[in-house]
Amino acid sequence: MSEPKGGAVSEPKGGAVNVPKGGAVSVPMVSAEGVRKRYGGHEVLCGVDLRIAPGEVCCLLGPSGSGKSTFLRCVNHLETVDGGSLRVDGALVGYVQRGDRLFELRPREVAARRREIGMVFQRFNLFPHLTALQNITEAPLRVLREPAGEVRERALALLERVGLADKAAAFPAQLSGGQQQRVAIARALAMRPKLMLFDEPTSALDPELVGDVLEVMRGLAADGMTMLVVTHEMGFAREVADTVAFLDGGRVVESGSPDEVLVNPRHERTRAFLSKVL
Amino acid sequence: MDPTSVRAVPVRHYGRWAGAAVLVVIAVLFFRALLDSPNLEPATIGQYLFKDYVLHGVGVTLLLTAVAMVLGTAGAVVLAVLRLSANPVLRGGAWAFIWFFRGTPLLVQIIFWGFLGALFPRITLSVPFVGTLFDQPTSVVVSGTTAAILALSLNEMAYAAEIVRGGILSVDRGQTEAAHALGMSPALTMRRIVLPQAMRVIIPPMGNETITMLKSTALVSVIAGHDLMTVVQGVYGNNYKVIPLLVVAALWYLALVSVLSVAQFFVERRFGRGFAAPRGGLR
Ligand SMILES: Nc1ncnc2c1ncn2[C@@H]1O[C@H](COP(=O)(O)OP(=O)(O)OP(=O)(O)O)[C@@H](O)[C@H]1O
Ligand SMILES: [Mg+2]
């Protein structure tokens with residue numbers, strides 16, 4: 001069996017972050033245990049188990065309708081979880097535990113938790129009435145209330161990093177899909193998140209624009225960002241992911257290193273899915 | 001023959017020509033009748049058009065329009081947000097307010113506020129153990145102008161609330177989600193992300209509302225609102241030159257509405273920013 005990329009402690013990436021100086025095992029960035037989500041009578045997630053260590057890149061695969069987006073949206077509380085426990089960096093998503101009772105968080109507290117989680121959507125969802133630069137500076141200015149000069153500098157640096165230094169004054173409607181998605185990534189990064197969620201970030205893009213976006217994500221992974229990525233880009237998953245999880249029927253059917261899951265899948269359903277997408 | 005330009009005999013629209021001819025004839029007949037009328041009195045119109053008290057009336061009409069639209073729009077945003085609230089009591093209250101003020105004639109509402117003193121002779125505000133903080137006859141607190149502003153802006157709130165609600169609902173849900181994912185609170189999301197985009201949908205009908213409001217202010221003449229119409233009525237009540245003075249009023253309303261239409265164009269362009277590439281490329 002091949003060595004899993006993120007698992008071994010000797011690995012500089014992921015592994016080193018996992019064991020801080022004190023020697024204590026660190027809290028996982030995301031830990032889902034038996035997460036359930038129902039829409040009306042239809043149970044979309046029926047017991048999802050998933051763990052993502054700090055610095056780890058996890059790719060979530062699965063057929064359409066298997067609940068990938070739903071799970072991602074649960075992680076930053078855009079959807080409420082019906083059962084099980086879901087923690088981000090040790091804290092329950094959407095609730096606070098006092099003694100043995102759970103209390104729902106107020107909208108303000110939910111918002112505060114979301115600041116630490118960046119999200120990138122399939123349809124970009126840039127703010128069309130703001131320029132690329134304003135899209136990036138909006139939240140740091142209004143939510144974190146950071147000084148304007150500093151925020152502007154950081155935003156310009158982020159635009160540079162995603163290769164769009166010359167597009168600061170452009171409105172989203174004047175950008176290509178790939179450029180919009182890179183601005184969206186910069187917008188999320190401007191909040192200095194400790195976890196980034198990507199929901200099929202390249203599937204609304206023309207094939208020739210996919211590469212630029214994946215390049216930016218590759219760079220992020222190399223910098224040690226913790227990422228949970230829903231994607232159909234198998235090349236990206238194989239190359240960049242530390243772990244790959246296969247979701248089907250509202251459950252994680254199989255998870256492990258890319259080699260384990262993508263090359264030698266143990267489950268029939270994983271094999272059937274891979275034979276269709278590869 | 002030049003291959004790049006097509007030369008062909010265009011289709012003749014005989015029906016259109018006939019229709020246009022009929023219209024021209026009707027227009028000529030109408031204006032001749034108008035000018036032949038001994039009661040139009042162009043000289044009288046000219047004499048009153050820029051009289052100081054007429055200009056003052058124009059000023060009051062503009063002021064009423066502006067104040068009622070500002071208060072009405074502000075209230076409308078609150079009502080629209082309440083109508084979309086998750087709290088059934090707030091939702092129901094906003095619904096009832098809109099139901100009442102849209103369901104009764106504006107003229108009735110204006111007269112009601114004008115004669116508020118008949119319902120509540122005094123307005124009193126007293127706090128238990130502290131005593132009476134405020135006690136005045138209603139006629140002093142709610143003057144003619146105040147009553148006019150109350151009536152016009154409350155009525156406007158009810159209509160504009162539905163326009164604003166439609167605008168809010170027209171904004172893609174993905175926008176709210178993206179804002180929430182950035183850690184923006186619901187209030188901040190509404191103010192910075194949803195409302196500015198809703199404006200694009202809200203502005204054109206609100207332009208119409210403003211124009212309607214400008215003309216609706218004429219109704220406050222029933223409670224002596226000192227507006228253009230009140231002034232004009234006062235004058236022709238004395239000299240019986242009804243038609244020329246109505247023309248004076250109509251010319252002023254037309255002029256003001258024309259100015260508003262131009263303003264609407266610029267406001268729409270401002271809030272349409274980012275939805276279509278501005279002419280001449282990037283700024
Ligand atoms: N708001 C909702 N109300 C009702 N049903 C929903 C809602 N959102 C999602 N669903 C249902 O939940 C199921 C899972 O949806 P989800 O979007 O999570 O799938 P997915 O794995 O992301 O699929 P895809 O690859 O097509 O994006 C689907 O059957 C969908 O119809
Ligand atoms: Mg999805």
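Here, a contact means heavy atoms within 4.5 Å. Everything below comes from a predicted model.

**Figure 1. Contacts and cover in chain B.** Take the contacts in chain B between residues at least 6 apart in sequence: 70% of them join residues at least 24 apart. As for burial, 36% of the 283 residues of chain B count as buried.

**Figure 2. The overall build of chain B.** Chain B has 12 helices and 2 strands. Walk along chain B from the N terminus and the elements go α-α-α-α-α-α-β-β-α-α-α-α-α-α. The radius of gyration of chain B is 26 Å, well over the 19 Å that the globule rule gives for 283 residues, so chain B is more spread out than a compact globule. Its C-alpha trace spans about 95 × 65 × 35 Å along the principal axes.

**Figure 3. Strand 11 of chain A and its neighbour, strand 3.** Strand 11 (residues 243-248) of chain A is mostly covered, with 5 of its 6 residues buried. It pairs with strand 3 (residues 57-61) of chain A in the parallel sense, over 4 bridges. Look for Leu60(A), whose bridge partner in strand 11 is Ala245(A).

**Figure 4. The hairpin of strands 11 and 12 in chain A.** Strand 11 also pairs with strand 12 (residues 251-256) of chain A, this time in the antiparallel sense over 5 bridges. Asp248(A) stands opposite Arg251(A) of strand 12. There are 2 residues between the strands of this hairpin, and Gly249(A) in the turn has a positive phi of about 60°.

Note on methods
Residues are numbered from 1 along each chain as its sequence is written. Chains are lettered from A and ligands numbered from 1 in the order in which they are written. This is a predicted model: local features need pLDDT of at least 70, side-chain atom pairs count only at pLDDT 80 or more; totals for chains, interfaces and linings use all residues. Side-chain values use heavy atoms; hydrogens and water are left out. The radius of gyration is taken over C-alpha atoms; the globule rule is 2.2 Å times the number of residues to the power 0.38. Buried means under 20% relative accessible area, exposed over 50%, partly exposed in between (1.4 Å probe, protein chains only). Two strands pair if DSSP finds at least two bridges between them.
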